[in-house]
Amino acid sequence: MLRFKQFVKEEQTNRIIQDFIEHTKEELGINELPQFEFIDDRSHALDHKSFGSYHPHSRTIRVNVAGRHTADILRTLAHEMTHHKQNEDGLFDEYQGELGETGNAFENDANSRAGVVLRNYGKKNPAIYEQYGK
């Protein structure tokens, strides 16, 4: 299910990420978790102009963690997991545009939901605001 790479070494960060994924699954009503790939490469974000992505056909979420605050990593996870939920609900089936296009309904929904999910989680787990990833 989860493929944690070498950079996700710190036990507490690992626990927080796993716990947050379960929290987000429940809060969004996700039926089946996607695959997760965590990237530790600062140049990847520059090359892709993004810290995360969702690939609907393979049901894979990629999140870059290099030099990022834990809460920011979690917000990206919630955003991409919202895209996964949109896919589960069949919303991508007839969409003809670019899924990652700024300002489209899918992105606006993911941005909004990610903020709510993170704030709800942060109220119960304030340690996410204190930690930095690698």
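Trainee: Which residues does His84 touch, not counting residues up to four places away in sequence?
Mentor: His84 touches Ile30, Glu32, Leu33, Pro34, Tyr54 and Arg59. Keep in mind that this is a predicted model. His84 itself lies in helix α3, residues 70-88.

Trainee: Why is His84 called buried?
Mentor: Its relative accessible area is 0%. Buried means under 20%. The value of 0% falls under that cut-off, so His84 counts as buried.

Trainee: One of those partners is Arg59. What makes Arg59 partly exposed?
Mentor: Arg59 has a relative accessible area of 35%. Partly exposed lies between the buried limit of 20% and the exposed limit of 50%. The 35% of Arg59 sits between them, so partly exposed is the term. Arg59 is in the loop between β3 and β4.

Trainee: Why does Lys49 count as exposed?
Mentor: Its relative accessible area is 72%. Exposed means over 50%. The 72% of Lys49 passes that mark, so the label is exposed.

Trainee: Turn to the charges. How many salt bridges does the structure hold?
Mentor: It holds four. One of them joins the side chains of Arg62 and Glu37.

Trainee: How do you know that Arg62 and Glu37 meet in a salt bridge?
Mentor: The N to O distance is 2.9 Å. The cut-off is 4 Å, from a side-chain nitrogen of Lys or Arg to a carboxyl oxygen of Asp or Glu. Arg62 and Glu37 supply those atoms within the limit, so the pair qualifies. The pair links distant parts of the chain: Arg62 is in strand β4 (residues 60-64), Glu37 in strand β2 (residues 35-39), and they are 25 residues apart.

Trainee: Why is Glu37 buried, and why is Arg62 partly exposed?
Mentor: Glu37 has 19% relative accessibility. That is under 20%, so Glu37 counts as buried. Arg62 has 28%. That value lies between 20% and 50%, so Arg62 counts as partly exposed.

Trainee: What makes Arg68 and Asp72 a salt bridge?
Mentor: Their N to O distance is 2.8 Å. That is within 4 Å, so the pair passes. Arg68 is buried, at 4%. Asp72 is partly exposed, at 30%.

Trainee: And why are Arg113 and Asp109 said to be about one helical turn apart?
Mentor: Because they are four residues apart in helix α4, residues 105-124. Arg113 is partly exposed, with 34%. Asp109 is partly exposed too, with 25%.

Trainee: Which residues gather in the patch of negative charge on the surface?
Mentor: Asp19, Glu22, Glu26 and Glu27. Glu27 is found in helix α1, residues 11-28.

Trainee: What is the order of elements in the chain?
Mentor: From the N terminus on, it runs β-α-β-α-β-β-α-α. That makes four helices and four strands. Of the 134 residues, 42% count as buried.

Note on methods: Residues are numbered from 1 along each chain as its sequence is written. This is a predicted model: local features need pLDDT of at least 70, side-chain atom pairs count only at pLDDT 80 or more; totals for chains, interfaces and linings use all residues. Side-chain values use heavy atoms; hydrogens and water are left out. Helices (H or I, at least four residues) and strands (E, at least two) are DSSP runs, numbered from the N terminus. Buried means under 20% relative accessible area, exposed over 50%, partly exposed in between (1.4 Å probe, protein chains only). Contact means heavy atoms within 4.5 Å. Patches are made of residues with over 30% relative accessible area and no salt bridge: like charges are joined within 9 Å, nonpolar side chains (Val, Leu, Ile, Met, Phe, Trp, Tyr) within 5 Å. Accessible areas come from the Shrake-Rupley method with a 1.4 Å probe; for residues, only the protein chains shown count as cover. Lys and Arg count as positive and Asp and Glu as negative; His and the chain ends are not counted. The place of a charge is taken as NZ of Lys, CZ of Arg, CG of Asp or CD of Glu.
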